[in-house]
Amino acid sequence: MGLDYIRAQTGKPWRKRWDGGLDRLKAPTLLDLTVSEAARTVTAELNAGSRVRAGDTLIVQSGPDGLAVSDGLRAIGRVANPSPELTAAIRDGGGYAEGVLQRVGLFGDTAEISVK
C-alpha cells in the first residue's frame with residue numbers, strides 16, 4: 001500500500017520527471033573543458049619601502065637573475081627562483097607579462113602575484 005500510494009500521489013513517474021535532467025547532463029556544454037587563460041601565481045620578494053596593494057596591476061619582466069617586478073618605471077621586487085615553464089612563457093611573450101597583485105605578506109616583504 002505504501003509504494004502504490006506514493007506513486008499515485010507524486011504524479012509523473014520518476015523516470016519522466018528526470019528526463020529533462022538527463023538531457024541537460026548529456027549536453028556537451030555542461031562541463032566545458034576549454035581553458036581560456038592560464039594564470040600562474042608566484043611569490044615575489046618586495047623591495048624595502050615599496051607601497052603596493054592587492055589588486056594593483058604590475059609588470060613582470062624576465063632578467064638574468066630571475067624575474068623583475070615593477071609598477072610602471074619603479075622596480076618594486078623580484079622573483080628569485082621562478083619555474084622554468086613560467087620563465088619560458090614570459091620569454092616567448094616578448095620578455096614581459098602582466099601580473100595582478102593578489103596578496104601582500106604579513107610583514108610587507110613578500111607578495112603573491114598572479115601572472116597572465
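Two strands are said to pair if DSSP finds at least two bridges between them. Helices (H or I, at least four residues) and strands (E, at least two) are themselves DSSP runs, numbered from the N terminus.

The model is predicted; local features need pLDDT of at least 70, side-chain atom pairs count only at pLDDT 80 or more, and totals for chains, interfaces and linings use all residues. Residues are numbered from 1 along each chain as its sequence is written, and side-chain values use heavy atoms, with hydrogens and water left out.

The protein contains four helices and six strands, arranged along the sequence in the pattern α-α-α-β-β-β-β-α-β-β. Of its 116 residues, 25% are buried, where buried means under 20% relative accessible area, exposed over 50%, and partly exposed in between (1.4 Å probe, protein chains only). The protein exposes about 8800 Å², of which carbon and sulfur atoms supply 54%; accessible areas come from the Shrake-Rupley method with a 1.4 Å probe, and for residues only the protein chains shown count as cover. Among contacts (heavy atoms within 4.5 Å) with a separation of 6 or more, 58% are between residues 24 or more positions apart.

The sheet comes next. Strands of a sheet pair through backbone hydrogen bonds, either parallel or antiparallel. Here, six strands close into a barrel in the order β1-β4-β3-β2-β5-β6, and the pairing is antiparallel. On average, neighbouring strands of this sheet are turned by 45° against each other, direction ignored. Helix α4 packs on the sheet, where α4 touches β1, β2, β3, β5 and β6, and its direction makes about 100° with that of β2. For such angles, axes are lines fitted to C-alpha atoms, for helices over the stretch in contact, and the angles run from 0 to 180 degrees between N-to-C directions.

A hairpin connects β2 to β3 through two residues. Strand β2 also pairs with β5, in the antiparallel sense and over five bridges, and Thr 57 has Val 100 of β5 as its bridge partner. β5 and β6 form a hairpin with five residues between them, and Gly 108 in the turn has a positive phi of about 80°. Six bridges join β6 to β1, and these strands run antiparallel. Within that pairing, Thr 41 is partnered by Ser 114 in β6, and Glu 45 by Thr 110 in β6.

The largest nonpolar core has 17 residues, and those with the most contacts inside it are Val 69, Ile 90, Ile 113 and Val 115. A nonpolar core is a set of buried Ala, Val, Leu, Ile, Met, Phe, Trp, Tyr and Cys residues joined through side-chain atoms within 4.5 Å. The elements that give two or more residues to this core are β1 (40-46), β2 (57-63), β3 (66-71), β4 (74-79), α4 (84-92), β5 (96-104) and β6 (110-115).

Ser 70 is found in strand β3 and counts as buried because its relative accessibility is 12%. Leaving aside neighbours within four places in sequence, Ser 70 is in contact with Leu 58, Ile 59, Ala 75 and Ile 76. Its side chain reaches the backbone oxygen of Gly 72 at 3.5 Å. Such a polar contact is a pair of N or O atoms within 3.5 Å; within protein, one must be able to donate a hydrogen and the other to accept it, and residues adjacent in sequence count only if both atoms are side-chain atoms. Gly 72 lies in the loop between β3 and β4 and is partly exposed, because its relative accessible area is 43%.

Ser 50 belongs to the loop between β1 and β2. Its relative accessibility is 18%, so Ser 50 counts as buried. The side chain of Ser 50 reaches the backbone oxygen of Asn 47 at 2.9 Å. Apart from neighbours within four places in sequence, Ser 50 is in contact with Arg 74 and Ile 76.
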